[in-house]
Amino acid sequence: MTGPDVAWGVGAFTLKPAARFFARVHHHGADRIPAHGGVVLALNHLSWFDVAGFGSVVPRTVWYLAKAEAHQVPVLGQIMRTFGSFAVRRGESDRDAVRLMKEVVREGRVLGLFVEGTRQKSGVPGRAQAGAGMIAVQEEVPVVPGAIHGSQSWCLGNFQPVTVAFGEPVRFGGLPRNGRGYREASVEIEARIRRLWEFAVDLHQLGRPRVAIPPRG
C-alpha cells in the first residue's frame, strides 16, 4: 500500500464525509467506475472544490494531475502530494507528467484528469484537451467521464449543493495512436462530459432527486 492509499484510507473517514456534508454532495453513477485496473477519470473543472467533490464519492484512490502552480502553494501543495497528486507545467510539453500518467494506469490505478486544463469560470464545461484521450489510446485503458455542477457557487460560508455524475466506461482501442486519434477521443470525451453536466443541471432544477440514472454515453 502506497502513501496516497493510506491518506485516502484515512480521508474516507474524515475528509470525504466532511466534503459530502458541507457541500451536500449527491452523486450518481459512481458504481460505473471499475473496481480494479487502470482507468482514466475525465472530469470537468469549475472550482478548487472539484478535487474534494469528485474525490468524496469515488470509491478508489485517485491520482490527480494538477497544475504546477498549485503544488507551490504552502500547505496546499503538501496536502496534494500526500494524496498522490502530481504536477504538470501548463502550456509546455511536460514529458515527466506524461510518463507519470502512464505509470499510474499501467500500475492498475485511477488517474484523475480535469480535461479542460483549467477552471471554467463560466460554470459551463469547456473544450477537452488531448491528455485523457492520449493516455486512453496509448495505454488501452477505459475512460470514465465525470461531471460536476454546483461547485462553481460553493465557497466557505456559502455552502451551495453540489452534484456529481459519472458515465459508463468507454474505450478507444480502435483509434490510431497519433494526434488524429487523440483528438477524436477528446471530442467524444467532451461530448459525454457535457451530457453528464446537463443531467446534473436538470437535477438541480428538479430539486435534486436522489434517485436518477445519468446518461450512459
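Before anything else, I noted the convention for handedness: a crossing is left-handed if the near helix is turned anticlockwise from the far one by less than a right angle, and right-handed if clockwise. By that rule, the crossing of H7 and H8 is right-handed. I also reminded myself that this is a predicted model.

**Entry: the whole chain**

I counted secondary structure and found 8 helices and 7 strands in the protein chain. Then I checked burial: 52% of the 217 residues count as buried. For the accessible surface I got about 10,600 Å², with 56% of that belonging to carbon and sulfur atoms. I looked at contacts with a separation of 6 or more as well, and residues 24 or more positions apart account for 71% of them.

**Entry: H7 against H8**

I went back to the pair I started with. Helix H7 covers residues 131-139 and helix H8 covers residues 179-205; their axes are 8 Å apart and they pack at an angle of about 120°. Since 65 to 115 degrees would count as roughly perpendicular and over 145 as roughly antiparallel, that angle makes H7 oblique to H8.

Next I listed who meets whom. From H7 come Ala-132, Gly-133, Met-134, Val-137 and Gln-138, and on the H8 side they meet Gly-181, Tyr-182, Ala-185 and Ile-189. I sorted the residues of this contact into 6 nonpolar, 3 polar and no charged.

**Entry: H7 against H6**

I then turned to helix H6, residues 95-106, which packs with H7 at an angle of about 55°, the axes being 11 Å apart. H6 and H7 are therefore oblique to each other. I checked the handedness here too, and H6 passes H7 in a right-handed crossing.

In this contact Val-98, Met-101, Lys-102, Val-105 and Arg-106 of H6 meet Met-134, Ile-135, Gln-138 and Glu-139 of H7. My sorting gave 5 nonpolar, 1 polar and 3 charged residues.

**Entry: how covered is H7?**

How many of the residues of H7 are buried? I found 7 of 9, so I wrote the helix down as mostly covered. The buried ones are Ala-132, Gly-133, Met-134, Ile-135, Ala-136, Val-137 and Glu-139. I looked up what covers them, and the cover includes H6 and H8, along with strands E2 (39-43), E5 (110-114) and E6 (143-149).

I also stepped just past the end of H7, where Glu-140 takes a positive phi of about 55°.

Is Gln-120 buried or exposed? Its relative accessibility is 18%, and because the cut-off for buried is under 20%, Gln-120 counts as buried. Leaving aside neighbours within four places in sequence, I found Gln-120 in contact with His-45, Leu-46, Pro-125 and Gly-126.

Ala-130 came out as partly exposed, with a relative accessible area of 34%. Not counting residues up to four places away in sequence, Ala-130 touches Tyr-182 and Ser-186. I also took a C-alpha to C-alpha distance: Ala-130 and Arg-183 are 6.1 Å apart in space, though 53 residues apart in sequence. Tyr-182 was already in my notes, as one of the H8 residues that H7 meets.

Note on methods: Residues numbered from 1 in each chain as written. Predicted model: local features only at pLDDT ≥ 70, side-chain atom pairs only at ≥ 80, totals over all residues. Heavy atoms only, no water. Axes fitted to C-alpha atoms, helices over the stretch in contact; angles between N-to-C directions. Helix = DSSP H or I, 4+ residues; strand = E, 2+ residues; numbered from the N terminus. Parallel < 35°, antiparallel > 145°, perpendicular 65-115°, else oblique. Contact = heavy atoms within 4.5 Å. Nonpolar A, V, L, I, M, F, W, Y, C, P; charged D, E, K, R; others polar. Buried < 20%, exposed > 50% of the residue type's maximum accessible area, 1.4 Å probe, protein only. Areas by Shrake-Rupley, 256 points an atom, 1.4 Å probe, with all protein chains shown as cover.
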